Amino acid sequence: MISRREFIQVAAATAALSTGVGTGLTQAVAQQRLTEKELLAFEPLGNVTLVHVTDIHGQLMPLYFREPSTNLGVGEAKGQPPHVTGQEFLARFGIAPGSSAAYALTSEDFEALAKSYGRIGGLDRAATVIKAIRAERGDKVALLDGGDTWQGSWSSLKTRGQDMIDCMALLKPDAMTGHWEFTYGSERVKQAIDGLGFPFLGLNIRDTEWNEAAFEASTLIERGGVKIAVLGQAFPYTPVANPRWMIPNWSFGVREEDVQAQVDKARKGGAQLVVLLSHNGFDVDRKLASRVKGLDVILTGHTHDALPEAVKVGKTLLIASGSSGKFVSRLDLDVRDGEVKAYRYKLIPLFSDVIRADAEMAAKIAEVRKPFAPDLAKVLGKTDSLLYRRGNFNGTFDDLICQALLQERDAEIALSPGFRWGTSVLPGQDITFEDVTNATAITYPAVYRMGMTGARLKEIIEDVADNLFNVDPYYQQGGDMVRIGGLSYAIDVAKPQGQRISDMQMVKTGAPIDPAREYQVAGWASVNEGTEGPPIWDVVANYLARQKTVRLEPNRAVKVTGA
Amino acid sequence: MKAINRRQAFALGGGFVMLTLMPMAADAEVTGDAAKWIEKFTGGKQPVKGKISLDLPEIAENGNTVPLSINVESPMTADSYVKDVMIIADGNPNAGVATLSFTPLSGKAEAAIRIRLATTQNVIAVAKMSDGSLFTEQKTVKVTIGGCGG
């Protein structure tokens, strides 16, 4: 029998024929052969290799993850990477439609290509790649983890991130920073950091009492004879976007002056290469790079963008390594006389049928998942259509969650947070408890039901829209738009706060939302302490048990202009 | 706002700063008009941008207690020093927040306080120097409902 690995090497050719409906697959694509050797191929350069992973979100296993079809930029970021999607993305980076890169990096023809190219990711595949780079580059390699590593799966939630910590430990990162890590609460974070064996950096975190540094700001390492300062920047709006009550003694922020001060300090301390390991989000980092002097590299994170090329802002290189364990970034640098003379970059997609699993990591993953394996495998229902989340507005997985909220909580309107993590499920697949928890596993999962006036709903939608579409990136928070069930609206992303949202209507009746009327609203992931209700995964599971098979058509409830 | 709490005491003790908190609006007659407050402080003279570094978050973690630190460039000698710095929040029901008073003995014209912001708005600082010159700086602080980032 032909193995999956063998299959994929010819898959592109045959799949191109069977799945290339309307995509105009080229001869070159049809002839493509995907091998581990090719995925890892890299002409080495210089004396330093930075390996970057970020936003793994608790995903230890290979997965399907559809990249966004809508990822709008505003202000100066409009039309600039990462705010290009689909065909435009392919054209911009010279990627052939239907190719493995098109599948890994865009939403184009996703369902068909997913069937040919299979799942991507798995920390055991990442381990194979990282080991290969280390074998080749020896003491030149630094491995940096941009955070959002310990959250996003059921096993991560149940072990408070220990599953990820134990697996990542085998990779021996040189440093990490964080965001969702903080949603396990201050005590757990402190305890976990104590056992890491490498620094957890956050130059922008201070204690709320005395306004003093609460975390290590940087670490100085030597690789390939080059002194490298790695500065860490945690997600600046953790206490705004996530429950502040879980980390009452820590205050965050962009703190641009502090970044500059740390760069200056590192340079004075003899650093020849200064790297910011960042969880700011791409647009924030692009602005930061234009204003802070002396940063050689920013390893970006948070906004889950996967870019096949480095973006250069002034003298600073910005790297965007994607999310969910799909990619490993390799950046080779020639550092001489305290500056980067040349670089070469590759975003390596971890095709799980092509890249071998590292045995040691595979065993560890099996071990940490074992206690949860029976629960994770439970089939809750089936989907006839693609379930995905990522995108500025509603994704079908969120529509499913909103449907569950409306029906199971007998509500008129449902609100679901615009998280960017959460895996995809292909048409015809079973929906397992693992799939549902991959989209919902947080420490504040309670589903509330409450009355909200139409005016309040408008205020909330406007508020979230401004967190996403404020023209100044320093005022953005990086999530996607709140997902809404039962209500349709129009949005002009180019307008200022308070003027973006119009035409709010009830989907069922077409009746305009009355600012004065109170609507019954169900939602989850409230940042308020003491929110009560069943956990969201139970609500979705109950809904699926009733529906058995779901079909979610692409959402048409949001009309977007100004993009 | 009656008793001086630890934070305010800290601001006081740190650099011999006198901190006068504006009375909260007691009746509807006091408007939240930032321009009026500034005019009263400057005597109608136009302050120029500069000299002040105003450290505020872009987005407040908690609108009820927003950390603000301010530093005004000055030699702080008997001949040349910062006399008073007024802090204004143009979207609060009562725009006046505090006036910080310094003397050459302060050593530095620097203070850290916490302010309350009702909504997204501009926080404006105006510094009055011993020679009567006026400087200003401002920053928008967003007060958000929060909760959907990720």
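Which residues have the most contacts inside the largest nonpolar core? In this predicted model, where local features need pLDDT of at least 70, side-chain atom pairs count only at pLDDT 80 or more, and totals for chains, interfaces and linings use all residues, they are A:Leu231, A:Val275, A:Leu405, A:Val540, B:Val85, B:Ile87 and B:Ile88. Residues are numbered from 1 along each chain as its sequence is written, while chains are lettered from A and ligands numbered from 1 in the order in which they are written.

**Core**
- The largest nonpolar core has 197 residues, a nonpolar core being a set of buried Ala, Val, Leu, Ile, Met, Phe, Trp, Tyr and Cys residues joined through C-beta atoms within 7 Å, where buried means that 20 or more other C-beta atoms lie within 10 Å of a residue's own, with C-beta atoms placed from the backbone.

**Domains of chain A**
- An automatic or database domain assignment sets the bounds, giving domain 1 (43-59 + 139-347 + 360-368) and domain 2 (378-561).
- In domain 1 of chain A, 26 residues are in contact with 19 residues of domain 2 of chain A, contact meaning that C-beta atoms, placed from the backbone, lie within 7 Å.
- Helix 13 of chain A gives the most to the side of domain 1 that touches domain 2, with four residues; helices (H or I, at least four residues) are DSSP runs numbered from the N terminus.

**Confidence**
- Chain A averages a pLDDT of 94, pLDDT being the predictor's confidence in each residue, from 0 to 100.
- Over residues 9-31 of chain A, however, pLDDT stays under 50, and where pLDDT is low, the predicted coordinates should not be read in detail.

Key: Buried ≥ 20, exposed ≤ 12 C-beta atoms within 10 Å, placed from the backbone. Contact = placed C-beta atoms within 7 Å. Helix = DSSP H or I, 4+ residues; strand = E, 2+ residues; numbered from the N terminus.
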